[in-house]
Amino acid sequence: MLDRLQKKWKVSGLQLFLILCTFALGGSMCGYLTRLLIEPMHIENALLYGTLYFVILTLLWPLCVLAVSIPFGQLAFFKNYLRKIASRLALNKKENVEEDDDMIPIAIFASGSGSNALKMMEYFKDHPKIKIVLLVSNKPGSGALHHAANFGISTLIIEKEAFLKGDAYLPELESAGIKFIILAGFLWKIPGALIKAFPQKIINIHPALLPDYGGKGMYGLHVHKAVLEAGESESGITIHFVDDHYDHGATIFQAFCSVQLNDTPETLAVRVLALEHAHFPKVAEQIILDAFE
Ligand code: GRF
């Protein structure tokens, strides 16, 4: 049962433990505070007592779990959890649906720390036309998933075997209404069936000037190490459409930075990542708007 919860909530074992502690302590605190509020009223009627107890308990419960979640480091999870309950109760649903009709729903795929995914979430937060509705990751507990929870964005954890088969996750993408996919540090090769389902609607960012320093195994510090070993004086970023080969589709945009004599792969990575953060959201926005004009 714990396994199922872990899968459902897409959390690590430790995080599940902290969440369960928050539920337990938050629940007890809520019961205690409710009694504290009701006892001084000296209500004799059992029905009235029970009704009042239930109402106060229901109102206090979210506040108690949120308060307890802070010391357990689970505020992001509980904010997202409560938001989901609220939307299931259809509190704000009507307005959202009307407002969302004109939006282009997009998904971000990210495997790692998700700094680019975070920039996208910040950039598109109140965008009038584009909405990030899904964060897809192959890494439970990744930074990208954490950012999604903070922004109230739904998440989907995928498994390698099913993903590489091709269309295993198409139903999920379709039911979320996804029209465009941004790969922001996603390490698996995109299967042909997915590319077919989203023709010219999947883009990727690579931390070098393609066509050089791309392809299988060219990710993270490997890229910057290769650039330094080749004695390049310049590096940069490439944003490109995704096709059947790693880092291969048509280039959309490049930005450049200098390579310095005393650079290490780490220092070069910092300069390149800053370029990614500065350009990727704006370039993605333009491509998406052009695609759906
Ligand atoms: C970036 O360098 C990007 O170019 C590459 O993966 C990295 C992701 O970094 N495709 P982050 O997880 O967004 O920080």
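A nonpolar core is defined here as a set of buried Ala, Val, Leu, Ile, Met, Phe, Trp, Tyr and Cys residues joined through side-chain atoms within 4.5 Å, where buried denotes under 20% relative accessible area (1.4 Å probe, protein chains only). The model is predicted, so local features need pLDDT of at least 70 and side-chain atom pairs count only at pLDDT 80 or more, whereas totals for chains, interfaces and linings use all residues. Residues are numbered from 1 along each chain as its sequence is written, and side-chain values use heavy atoms, with hydrogens and water left out.

The largest nonpolar core comprises 39 residues, of which Leu135, Ile182 and Ile203 touch the most other members. Helix α12 (residues 265–291) gives the most to this core, with 8 residues; helices are DSSP runs (H or I, at least four residues) numbered from the N terminus. Apart from this core lies another, of 21 residues, including Leu156 and Trp188. With contact taken as heavy atoms within 4.5 Å, and residues up to four places away in sequence not counted, the partners of Ile203 include Phe180, Phe241 and Phe280.

Polar contacts are pairs of N or O atoms within 3.5 Å. A polar side-chain atom of Ser115 lies 2.5 Å from a ligand oxygen atom, and a side-chain N or O atom of Glu276 lies 2.7 Å from an oxygen atom of the ligand. Taken alone, the ligand exposes 370 Å², of which the protein buries 80% (Shrake-Rupley method, 1.4 Å probe).

Terms used. Buried means under 20% relative accessible area, exposed over 50%, partly exposed in between (1.4 Å probe, protein chains only). Helices (H or I, at least four residues) and strands (E, at least two) are DSSP runs, numbered from the N terminus. A polar contact is a pair of N or O atoms within 3.5 Å; within protein, one must be able to donate a hydrogen and the other to accept it, and residues adjacent in sequence count only if both atoms are side-chain atoms.
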